[in-house]
Structure formats: structure tokens, C-alpha cells
Amino acid sequence: MTGMILAGGRGTRMGRVDKGLQPFRGGPLAAHVLQRLAPQVADVAINANRNHAAYASIAVAANSDAPVWQDDLQGFEGPLAGLQTGLRRCETDWLLTVPCDSPFVPDDLASRLAEALLRDDADLAVAVTMDADESGDAYRRVHPVFALMKKSVLPKLDAYMESGGRRMDGWYGAIKVTEVLFQDAGAFRNINTLTDLKDMEKLSEPAATGFDRKASLSAAEAQRIIRDAITPVTAVEKVALRQALERVLASDIISPIDVPAHDNSAMDGYAFSSADLLADGPTTLRVAATVLAGRPSGVHIPAGQCARIMTGGVMPDGLDTVLPQELAAAISADSVTIAPRSITPGANRRFKGEDLASGKPALHEGKIVTPADLGLLASLGLAEVPVRRRLRVAFFSTGDELRSIGETLEPGCIYDSNRYTLYGMLTRLGCDVIDMGAVRDDPAALEEALRTACTSADAVITSGGVSAGAADYIKSIMAELGDVGFWNLDMRPGRPMAFGRIASEGRQSWLFGLPGNPVAAMVAFYFFVRPGLMKMMGTTASHFTVRARSAVALRKKPGRTEYQRGIIYIAPNGEREVRITGSQGSGILRSMSEANCMVILPHEQGDVAAGELVEVVMFEGLI
Ligand SMILES: Nc1nc2c(c(=O)[nH]1)N[C@H]1C(S)=C(S)[C@@H](COP(=O)(O)OP(=O)(O)OC[C@H]3O[C@@H](n4cnc5c(N)ncnc54)[C@H](O)[C@@H]3O)O[C@H]1N2
Ligand code: MOO
Ligand SMILES: [Mg+2]
């Protein structure tokens with residue numbers, strides 16, 4: 001068979017660059033495809049409509065004599081035009097196509113498609129994978145650019161194209177097609193945009209991602225890798241206003257109206273024109289009308305007169321100032337007297353649209369909806385709000401020593417607490433949780449749990465089994481299911497951690513492997529998992545940090561970030577002070593429960609003297 005790389009596209013979604021020539025991990029994209037394709041076929045060809053010299057040199061660099069074929073049809077008519085050209089020129093009975101933007105072409109693509117073509121006596125064999133749609137449901141995804149076909153289908157293709165058809169699979173009705181299911185959907189990933197390209201660059205190469213095995217990383221580096229790797233879920237749902245509380249806005253909310261809708265009074269009192277105030281004596285104005293809130297104000301107030309007005313009442317035209325009634329020098333049945341300099345011109349007038357102007361964003365995408373936001377949205381009269389869908393997060397604990405509540409505690413065993421802290425932390429974050437229980441230290445059970453979690457959740461969180469001494473099979477199972485790095489972080493507590501992507505049955509999921517020690521698991525959650533999940537939710541993690549004096553001296557080694565449990569309070573001198581909650585052992589959950597904050601001692605920091613200022617993250621807002 002001949003393998004042909006489809007590189008003749010216009011690269012519209014990449015800003016019209018020549019996709020196949022884009023640099024990716026040290027070489028052009030098409031070179032990666034060539035490298036994977038060449039060993040699988042007898043001949044290779046490249047279908048390109050520009051930069052022929054560059055494509056020819058890719059072939060030369062790969063020691064290949066692949067020719068570069070230009071579409072017979074002029075004008076970038078799409079991949080089908082490339083296919084037509086390939087079928088006309090190839091000298092073998094079979095032609096296999098692969099796109100130039102899928103650098104992870106499976107090694108067994110040709111052999112598996114060929115096997116199916118023969119077995120089913122088909123004209124064309126096409127790759128399919130199981131993918132997840134926006135709502136996470138699995139569907140069968142056909143990849144028509146990864147297809148093996150007989151040269152004899154050319155007349156059928158010509159006929160379809162002559163009738164104006166240009167869809168890659170639009171002519172499948174005219175031939176016998178067989179589908180071949182590939183397990184690894186990731187291998188068919190294609191790169192459509194320059195952002196995709198950057199993401200792929202980071203994600204799939206352990207060295208470039210830092211999902212590096214046994215890598216020693218600073219806390220800041222690990223946070224950056226997680227932040228850069230994760231992208232927000234795209235699915236959006238409209239929910240009733242009250243249901244939007246704590247959810248993430250999926251788009252800017254543009255105000256459909258002015259709030260307030262009219263200039264109005266901020267006080268109960270008298271509205272008048274400041275031009276009527278006398279400079280050097282009291283001003284007496286006749287009350288020409290009364291304006292109550294909630295009524296349109298059509299009244300005209302003649303010069304030298306005023307309106308009795310209530311808070312929220314619409315300002316009559318031409319009036320610019322409101323005197324609160326308690327500031328009047330004198331009030332009679334039909335007039336008010338204003339003492340000189342008792343009011344500033346323009347005072348107590350609220351302007352139309354001063355709260356929210358029609359056509360302007362009232363709230364921005366990515367904001368987590370607060371009670372104030374609910375009120376604000378209500379003031380706009382909005383009954384529904386677009387929010388990102390909730391994340392589904394599955395978690396389980398690992399360890400033979402773990403028992404669940406209700407089970408007897410045999411000697412050497414402990415009750416599983418991590419699933420409860422995780423439940424609490426994830427629920428507070430607004431995730432839908434899937435508690436998968438405690439899993440034994442058994443390879444088959446672990447693999448099963450990871451696969452199940454992966455197919456049902458956006459993210460999987462495990463605890464235990466990631467340390468140096470841990471049974472290595474946990475790591476190898478995680479690594480087998482995807483692209484996972486095992487980190488040794490320069491921090492305390494929470495030194496060992498795993499992060500990466502796993503895939504099963506065409507579904508992908510982010511994996512966070514937390515250390516088993518209960519405090520380490522919580523700290524790793526707050527400072528690594530939470531920012532990652534929040535990015536996935538479509539928002540940005542923040543926490544409330546203050547500076548406080550350390551009540552006591554703290555021992556601290558430079559070269560690692562320490563998160564110490566603390567209690568912050570106001571000292572008798574009125575200043576904020578923080579003390580550490582005794583032993584900082586990472587198994588002592590009690591001290592986490594007593595704490596109301598964490599003292600963060602940064603990477604470079606050495607010992608802290610009593611009275612020195614330290615950075616404190618408040619639990620309020622974080623947990
Ligand atoms: N030789 C070394 N030993 C250890 C190192 C090291 O660098 N060299 N690191 C220590 C640190 S730090 C941590 S943290 C732990 C992390 O270990 P694992 O993630 O492999 O976790 P396990 O060994 O399974 O468990 C550690 C500890 O936590 C208890 N645990 C585990 N799961 C739960 C749970 N769901 N609820 C309550 N308690 C749990 C478990 O019984 C262990 O006592 O490794 C250190 N060792
Ligand atoms: O992760 Mo370990 O302390 O650093 O408990
Ligand atoms: Mg264990």
C-alpha cells in the first residue's frame with residue numbers, strides 16, 4: 001500500500017499557516033506523521049498545495065523518497081481533492097491516508113485497517129474511536145481522514161466529486177465501508193489551532209510537560225504545570241436564577257436595561273435646581289408637586305420652585321439636587337427654606353444607569369455567582385443564567401489498612417478519613433462527587449477502579465500509594481493508563497504527588513494522586529488540585545492571604561515550601577498574630593481541624609524569628 005500524508009489544507013483555523021510545517025517538539029508536524037507512517041507502508045507520498053520544497057526536504061531529512069503531490073483540482077478543495085489525487089497517482093492497489101496534523105498516528109494503523117479490509121471484503125476501512133461528547137457520554141467517532149481504500153474506488157469518488165460533493169465521508173454510501181475500532185482515542189488527536197499545538201506540546205511529552213517520573217519540583221513549578229495543562233469544560237447550561245448561586249458564569253452578562261432606569265432621589269426631601277440657590281442668604285422655594293417612588297414623573301417644576309420627593313422618586317426634568325428634609329432650615333405647608341451652604345449642588349441625585357448601564361457587562365464570564373450577584377441579576381430582570389456544567393470528580397482511597405465506617409477495625413487497620421475530607425472539599429467547591437470507596441493494594445482492583453473512575457468523571461483523585469516506598473504497581477498502572485508524572489515536590493507536607501491524564505474506553509480524565517497522610521492529602525488538594533479543578537470549572541482559583549506576626553520562632557529549611565497549620569487572632573496590641581497548632585506531623589488531622597489558617601513559608605525562606613511577619617492563607621474562602 002501507499003501511505004499518503006494529507007497536508008494540502010488551507011490551515012484556516014490556524015490563521016492560514018501551512019499546518020504540516022508547524023514546529024512541534026523539534027520538527028515539523030508532518031515529519032512526525034511521516035516517521036510513524038513510513039514503516040507501515042511500501043511507499044509514502046505527501047499531498048501538499050504549497051511549500052513543496054519544504055515538504056520535499058522533510059522527506060529527505062527522513063531518508064524517504066516520498067514525492068509531493070499537488071491536488072489536481074485547483075483552489076484548496078479540501079481533503080477529498082487530495083484523496084482523489086492520491087488514488088490517481090499511487091502505484092499500489094491500496095492507498096492509506098493520514099492527516100498531517102495528527103502526530104500520534106498509531107503504529108498498527110495500516111495493519112489493522114488492512115486486516116479489516118480483507119476480512120470484510122470492503123472497499124474502504126476507516127478508523128473509529130469511542131469519544132466523549134460535551135456531556136461526557138460516549139459515542140462512536142469516525143475518523144474519515146484515517147482510511148485505507150482500494151485504488152478501484154476512484155470512479156466512485158470521481159462521480160461523487162463531480163456532483164459537487166466534498167465531504168470526506170460523503171461518498172461512503174456508494175462503496176462498502178468497514179469500521180475499525182481503535183482503543184486509544186488520543187492517537188487520533190489532531191491539532192487544529194495554534195493553541196492546540198501548544199497544548200499538545202506540553203501534554204504528551206513527559207520531558208516537556210514535567211509529568212516527569214520522579215521529578216523533583218518546587219510547589220510553584222507544579223502549580224504552573226497543572227494550570228497550563230488543564231482547560232475548562234466547554235459545556236454550558238442555563239439554570240434558573242437561584243440555582244446559579246456558587247456556579248461559574250459561562251459568559252459575560254450584558255445588562256439589558258439601565259439600573260436605575262431613571263435619575264432619582266437618594267433621600268426623602270426636596271428636589272430643586274441648584275441654579276435657584278441664592279449665594280448670600282436663605283432660599284425659599286415653593287413646593288409645586290409631590291413625587292412618590294414608583295410613579296412616572298411627568299411634572300414640570302417652574303424656576304424658583306421645588307418638588308417634595310421620596311427616596312427612589314423620579315427626578316423631575318431640570319432639577320439636579322435633593323435636600324434631605326432634616327437639613328431644611330424651615331418647612332411650611334407649601335414651601336421649604338434652605339440655609340446658605342447647607343447643600344452641595346448635585347447632591348443626592350442618583351443617575352440613570354449609574355449602577356448598571358444598558359449594553360455594558362454587568363458580570364464577567366468565569367465569576368462564581370455570589371449572593372450579591374444573584375441580587376444584581378435579579379435587578380436586571382434575568383430569570384435564567386448561563387453557567388458551566390458542574391465537574392464530576394471521582395475519588396477513592398488506596399490501602400489494605402483502610403476500613404470504612406461500619407466495618408470492624410482489625411489490628412493494624414485504621415478508618416479511612418481521606419474520603420471524608422475529599423468529600424467535604426469537593427462539595428464545597430461545587431463538584432458532583434463520586435465516592436468509589438477504599439480500594440485494596442491489589443493491581444487488578446486498582447486498575448479496575450481507575451478505569452471506572454476515568455470513564456465516569458472529569459477528574460479522578462486517589463489518595464495513598466504515591467510515596468517512595470509505595471508498591472510500584474500503583475504507579476505503573478497509572479502510567480499505563482496515560483501520561484502521568486510522579487512528583488517529589490519540594491514542600492511539606494504533601495511531598496509525593498501524581499498528576500497527569502489517563503484514558504480508558506475512549507474517555508479521558510485528569511488524575512491527581514494525593515499522598516495518603518491525611519494532612520498531606522488536604523494540603524495537596526488545596527494548593528494543587530483546587531486550582532486545577534477551578535480552571536476546569538472555568539474560573540480562577542484565589543484565596544485570601546494576609547500578613548501576620550508569628551507569635552513564636554519557626555524552624556524552616558530553605559529550598560522547600562512549608563504549609564503550617566495555624567491559628568490567627570488579634571493580639572492585645574491590636575495586631576494580627578498567628579501561632580502554629582503544635583505538632584505539624586502530616587498524620588495529625590486534629591491540628592487541621594483546630595486551625596483556621598495556614599502559614600505559608602516560601603521556598604527560599606529560612607528560620608522565622610518570633611514577631612516576624614509571615615504570609616497566612618485564611619481557611620475562610622479556601623475551605
Ligand atoms: N522512605 C520514605 N518514606 C516515606 C516518604 C519518603 O519520602 N520516603 N514520604 C512520606 C510522606 S511525606 C508521605 S505523605 C507518605 C505518602 O505515602 P503514600 O502516598 O504512598 O501513602 P500511604 O503509604 O498509602 O499512606 C501514608 C499514611 O497515610 C495513611 N492513610 C492512607 N490513606 C488514608 C486514608 N484514606 N485515611 C486515613 N489515613 C490514610 C496510611 O495508613 C499511612 O499511615 O509516605 C511517607 N513515607
Ligand atoms: O506528603 Mo508527606 O508529609 O509530605 O505527609
Ligand atoms: Mg498505602
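Two strands pair if DSSP finds at least two bridges between them. Strands (E, at least two residues) and helices (H or I, at least four) are DSSP runs, numbered from the N terminus. Residues are numbered from 1 along each chain as its sequence is written, chains are lettered from A, and ligands are numbered from 1 in the order in which they are written. This is a predicted model, in which local features need pLDDT of at least 70, side-chain atom pairs count only at pLDDT 80 or more, and totals for chains, interfaces and linings use all residues.

**View 1. Strand β35 and its two partners.** β35 (residues 613-618) pairs with strand β31 (residues 545-550) in the antiparallel sense, over five bridges. Here A548 has V614 of β35 as its bridge partner. Strand β34 (residues 597-601) also pairs with β35, antiparallel, over four bridges. V599 stands opposite V616 in β35. Strands of a sheet pair through backbone hydrogen bonds, either parallel or antiparallel.

**View 2. An open sheet of six strands.** The order is β17-β14-β16-β15-β19-β18, with mixed pairing. β17 (321-324) and β18 (330-331) are the edge strands, each pairing on one side only. Inside the sheet order, strand β14 (residues 269-272) and strand β16 (residues 305-309) are antiparallel over three bridges. G269 has I309 in β16 as its bridge partner.

**View 3. The buried side of helix α8.** Buried means that 20 or more other C-beta atoms, placed from the backbone, lie within 10 Å of the residue's own; 12 or fewer is exposed, and in between is partly exposed. In α8 (residues 219-229), the buried residues are A219, A222, I225, I226 and A229. They lie on the same side of α8 because they cover an arc of only 130° around the axis. That arc is taken from the directions from the helix axis to the C-beta atoms. An α-helix has 3.6 residues a turn, so residues three or four places apart point the same way.

**View 4. L6 and D71, two annotated positions.** An unreviewed UniProt entry annotates L6, A7, G8, K19, N47, D71 and D101 as "binding site". UniProt positions follow the numbering used here, feature names are shortened, and annotations may be inferred rather than shown by experiment. L6 lies in strand β1 (residues 2-7). L6 counts as buried because it has 28 C-beta neighbours inside 10 Å. Contact means C-beta atoms, placed from the backbone, within 7 Å. Leaving out residues up to four places away in sequence, L6 touches N47, P79, G82, T97, V98, P99, C100 and V145. D71 sits in the loop between β5 (68-69) and α3 (79-89). D71 is buried too, with 21 other C-beta atoms within 10 Å.

View 5. A residue is near a molecule if its C-beta atom, placed from the backbone, lies within 6 Å of it. Ligand 1 is surrounded by 25 residues, the closest being N418, G464, S467, P515 and G516. This shell holds nine nonpolar, 13 polar and three charged residues. Around ligand 2 are R492, P493, G494, R495, P496, P515, N517, A520 and S586. Four of these are nonpolar, three polar and two charged. Nonpolar covers Ala, Val, Leu, Ile, Met, Phe, Trp, Tyr, Cys and Pro; charged covers Asp, Glu, Lys and Arg; the others, Gly among them, are polar.

Note on methods:
Contact = placed C-beta atoms within 7 Å.
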